[in-house]
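Here are my notes on the model you sent over.

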Amino acid sequence: MSYDPSNIFGKILRSEIPAHKVYEDDSALVMMDIFPQSRGHTLVVPKAPSRNLLDADPAALAAVMPLVQKVANAVKRATNADGIRLAQFNEAPAGQTVFHLHFHVIPVYEGTPLAAHAGGKADDAELASLAKAISEAL
Ligand code: 5GP
């Protein structure tokens, strides 16, 4: 299947709909997940158009991984999480719901199970304050 620019992250990248942005440069956008699996669930979205890992340009993948590492460290510092889970889903049967490549940076808190993938919507004020804290920790 080919990339369809009408997906929701495509719209966010074109500023057609809002997001709680943590960081942005020419090649990637970092934002809060609005249906977080834990407090501080953050998404790293490369700007280069691809559905997922399977059709991504290897150069774009190589360029984004240092940012994924930076964001993971910033999320851990800003949230005091005990660990970080990195997730990335490819095609619907594997759990993918938005068909523009992205990496989930999910804080894990000892003794607290993660919420369901793409479950309940978080409070906007809390997402805004987390976006600010993670951005300052970058
Ligand atoms: P996927 O299932 O494709 O790996 O992940 C898509 C993620 O995007 C899910 O975790 C879901 O909660 C999140 N999501 C869905 N719609 C929106 C949205 O409009 N804004 C943001 N920031 N995240 C979204």
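Which strand does H104 lie in? The answer opens point 1.

1. H104 belongs to strand 5, residues 103-108. Helices (H or I, at least four residues) and strands (E, at least two) are DSSP runs here, numbered from the N terminus. H104 counts as buried because its relative accessibility is 3%. For this label, buried means under 20% relative accessible area, exposed over 50%, and partly exposed in between (1.4 Å probe, protein chains only). The side chains of H104 and H102 are joined by a polar contact of 3.5 Å. Such a contact is a pair of N or O atoms within 3.5 Å; within protein, one must be able to donate a hydrogen and the other to accept it, and residues adjacent in sequence count only if both atoms are side-chain atoms.

2. A word on the source before going further. This is a predicted model, in which local features need pLDDT of at least 70 and side-chain atom pairs count only at pLDDT 80 or more, while totals for chains, interfaces and linings use all residues. Residues are numbered from 1 along each chain as its sequence is written, and side-chain values use heavy atoms, with hydrogens and water left out.

3. Now the ligand. It is surrounded by 18 residues, the closest being D33, T97, V98, H104 and H117; a residue is near a molecule if one of its heavy atoms lies within 4 Å of it. By type, the shell splits into 11 nonpolar, 6 polar and 1 charged. Helix 1 (8-13) and strand 2 (28-32) each supply at least two residues of the shell, and helix 1 gives the most, with 3 residues.

4. Which side chain has an N or O atom 2.8 Å from an oxygen atom of the ligand? That is T97. For H102, an N or O atom in the side chain is 2.9 Å from a ligand oxygen, and at G95 a polar backbone atom is 3.0 Å from one. Taken alone, the ligand exposes 510 Å², and the protein buries 93% of that; these areas come from the Shrake-Rupley method with a 1.4 Å probe.

5. Next, the loop between helix 1 and strand 1. It holds both R14 and S15. R14 is partly exposed because its relative accessible area is 40%, whereas S15 is exposed, at 56%. Check the backbone of S15: its phi is near 60°, a positive value in a residue other than glycine.

6. Is N90 buried or exposed? It is buried, because its relative accessible area is 18%. The N90 side chain makes a polar contact of 2.8 Å with the side chain of Q88, and a polar atom of the N90 side chain lies 2.9 Å from the backbone nitrogen of L53.

How values were computed. Ala, Val, Leu, Ile, Met, Phe, Trp, Tyr, Cys and Pro count as nonpolar, Asp, Glu, Lys and Arg as charged, and the others, Gly among them, as polar.
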